[in-house]
Each structure stands twice: as C-alpha cells, then as structure tokens.
Amino acid sequence: MAVTKETPLGERIVLNKISPGGIYGEVAALSDSQRAPATIFSVEESTVLFMLPEKVLNPCKNVCPWHTQLTANLVRIVADKALYLNRKIDYLAIKSMRGKLCTYLYERYEKTGGSEFTLPFNRNELADFLNVSRPSMSRELGRMRDEGILSFAGSTFHILNLSELKIYVE
C-alpha cells in the first residue's frame, strides 16, 4: 500500500509505503479534524481494519492489559511517525539532487549495516519520496556510478566508495 498526496497540478508524491500489518490514519484519527491529508491505495488485495479512536483511547471497565498495551503502541507509532515526517522535511530542505540521494543512501547503509542493500522504493517512488524528477535522478545516479561511488541494479544498491558518498551527505 502506498500513501500519496497530489499537488494542485495533479502530480503525485509518495509520502510512505505501508507494509502488511502497518497502520494509516492514526494521526488524523487523533486530531480534531479527523481528516486524512493524503490518499492511500493498494495495488493488491488487502484487508483493512477500521478502529474508532474512542475505543482505543478509553479503556474498558476491566482495564485489560492488552488495552493498555494497545494505547502504548499507538503513542509509540504516532511518535515514530512524527520523527519520520521530520526526516522527510529534512530531505525536502536539501537543495542538491546529489545531496538528497547521498543522504538517503547513507541512511539506508546505516540502517542495514552493510554496503549492499535493497531500497523499499522503486525508482519512481524514490523520486517522489525525495521530491525530484525521475529522469534527473536517474542521470545523477548514473554519474555517481560512473564516478565509482556506487553500483546498482534495479532497487539493489552497493556503495563502492563510502568516503566519497559521505562528502555529499547533508
């Protein structure tokens, strides 16, 4: 599933991808407006569970341990989402294409703990996520490959020169 937002010009920006078991709408459900600022769509058959916020936030009479855990999980998920969105803002603030790509790839390197990893996005989704044009992004990736900084095949990347990549990390 993908969470997207459309610009007034009709361009689609991928905000996030939701894996099986993931959640969406928790922030909107807890706000006064209870209106989601984005669209979610699935390219494959999915089952969706809708939960009313008051059923989650107001514990039952028995104060069940699972209900306390559910509320704690929800608070953690909202906090994680806030951190994710702050990071997304950081990417938008990076001016150069190479800076955005190197920062994103370096963070994937740190997260996976290795110089070879597979991105959770295809190229179009990555361009949308970084808010850059796909053709320009592909040209920059090609230049970085030609300079010996990285190699790639599809969504699998291999950082060949970490110190060179780090020069552009913002």
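**Burial, fold and cysteines**

Author: Buried residues, meaning those under 20% relative accessible area with a 1.4 Å probe and protein chains only, make up 29% of the 170 residues in the protein. This is a predicted model, in which local features need pLDDT of at least 70, side-chain atom pairs count only at pLDDT 80 or more, and totals for chains, interfaces and linings use all residues. Residues are numbered from 1 along each chain as its sequence is written, and side-chain values use heavy atoms, with hydrogens and water left out.

Reader: How many helices and strands are there in the protein?

Author: The protein has seven helices and six strands, taken as DSSP runs (H or I of at least four residues for helices, E of at least two for strands) and numbered from the N terminus.

Reader: And in what sense do strand 1 and strand 2 pair?

Author: Strand 1 (residues 2–6) runs antiparallel to strand 2 (residues 12–17), with five bridges between them, where pairing requires that DSSP finds at least two bridges. T4 has V14 in strand 2 as its bridge partner, and in this hairpin, with five residues between the strands, G10 takes a positive phi near 90°.

Reader: Switching topic, how many disulfides does the count come to?

Author: The count is zero disulfides, a disulfide being a pair of cysteine sulfur atoms within 2.5 Å.

Reader: Then C102, why does that one count as buried?

Author: C102 counts as buried because its relative accessible area is 0%. C64 is buried too, at 16% relative accessibility.

Definitions and conventions. Buried < 20%, exposed > 50% of the residue type's maximum accessible area, 1.4 Å probe, protein only.
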